[in-house]
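Open the model in your viewer and keep the sequence panel beside it. The stops below tell you what to select and what is there.

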Amino acid sequence: MDVPVSFLDQLFNERVLHDTGVDGLYARSALFEDVISRFEAFALSFGKDEISESMVFPPGMPMPDFETSGYMKNFPQLAGTVHAFCGHDRDHMGLLQCMAAGEDWTKGQKATDVALTPAACYPLYPILARRGMLPEGGAYVALQSYCFRHEPSKDPARMQMFRQREYVRVGSAKQTMAFRETWKQRGSEMMELLQLPHEVEVANDPFFGRAGKIMASGQREQELKFELLVPVNSTSKPTACMSFNYHMDNFGQAWNILQADGSPAHTACVGFGLERIALALFRHHGFDPDAWPEGVRKVLWG
Ligand code: ATP
Ligand code: ZN
Ligand code: MG
């Protein structure tokens, strides 16, 4: 009997992604990257006149800012930190012997001042805070970052290292909530143009442990997070390809970002999962972009 080929295996067979032996860590083909950059240009054509600036972050962020984010309180299971060898000759000898013996050589590694970025907008907040009070209109930033989350999976849409493109609004409650409503609509418009089936639903983050259950239901009750879902790896469990988040003034308080009137800033962000959107396009339109529906080709290739 034929075993159905998983979507992940199809992606490997078609050489869209390349297997590395580690779930969730893949090399990308030039074609995959082209689809992502086309999508980014498409996304940036929305809200062009609203952006106050653009930034691209490296995949790591300063450890003190990572600590301030509260990520270890809420999602310790997903976080990654960068460790490095900081010893002398003798330690080096010990390390090499350990490796040669197939033993755990990593226990002598020391934490550096870099954590892997878990969410693309985190590195932005301390940068804004350092500048002093926000201007009257607040800030409206377009950004992109690689992110790390320790959630290895055979679902190609759940990677350990992936990119998020985000728009982040920082200002008053009114500005940030209006921003999020606008983007919920734009997100659906974008998916219509890309001819991808989708639905927007209220959602929650995977808060850790028993206390996390209460956090998650509070987040849902207050409708702080919405996701735009598209079937990618499965039709019964569609995948979040975009999220629309309102953080109230939590990050404003944590990093001391102040509005022009001196009160803590509110923040909201819309995140596009770039790999997930590319995968959704391959899933629904096939592995050959030359054969994608004309409307979709027009949107992405002009
Ligand atoms: P999920 O519910 O599927 O775990 P999420 O709620 O964790 O998604 P967010 O934290 O809102 O997602 O991240 C913003 C966007 O980043 C998501 O909408 C998604 O498109 C993308 N994303 C999140 N986790 C991953 C992952 N492991 N691999 C690839 N893309 C991801
Ligand atoms: Zn964000
Ligand atoms: Mg998640």
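**Stop 1**

Select Lys184, which counts as buried because its relative accessibility is 16% (buried means under 20% relative accessible area, exposed over 50%, partly exposed in between, using a 1.4 Å probe and protein chains only). This is a predicted model, in which local features need pLDDT of at least 70 and side-chain atom pairs count only at pLDDT 80 or more, while totals for chains, interfaces and linings use all residues. Residues are numbered from 1 along each chain as its sequence is written, chains are lettered from A and ligands numbered from 1 in the order in which they are written, and side-chain values use heavy atoms, with hydrogens and water left out.

Lys184 and Glu181 form a salt bridge, 3.3 Å from N to O (a side-chain nitrogen of Lys or Arg within 4 Å of a carboxyl oxygen of Asp or Glu). Both residues lie in helix 7 (residues 173-193), three residues apart, about one turn of the helix; helices (H or I, at least four residues) and strands (E, at least two) are DSSP runs, numbered from the N terminus. An α-helix has 3.6 residues a turn, so residues three or four places apart point the same way.

**Stop 2: salt bridges across the chain**

How many salt bridges does a search of the whole structure find? The search finds 13. Select Arg165 and Glu40, whose closest N and O atoms are 2.5 Å apart in one such bridge. This pair links distant parts of the chain, with Arg165 in strand 8 (residues 161-171) and Glu40 in helix 2 (residues 30-44), 125 residues apart. Arg165 is buried, at 9% relative accessible area, and Glu40 also counts as buried, at 11%.

Next, select Asp205 and Lys225, a salt bridge with its closest N and O atoms 3.1 Å apart. Then select Arg28, Glu33, Arg163 and Glu275, which are joined into one network by salt bridges that share partners.

**Stop 3: the zinc ion**

Select ligand 2, a zinc ion coordinated by Cys121 (SG), Glu166 (OE), Glu166 (OE) and Cys269 (SG) at 2.3 to 2.5 Å. Donors are N, O and S atoms within 2.8 Å of the metal (3.2 Å for Na, K and Ca); water is not among the atoms, so sites may look incomplete. Cys121 lies in the loop between strand 6 and helix 6 (124-130), and Cys269 in strand 12 (residues 266-273), 148 residues apart. Both Cys121 and Cys269 are buried.
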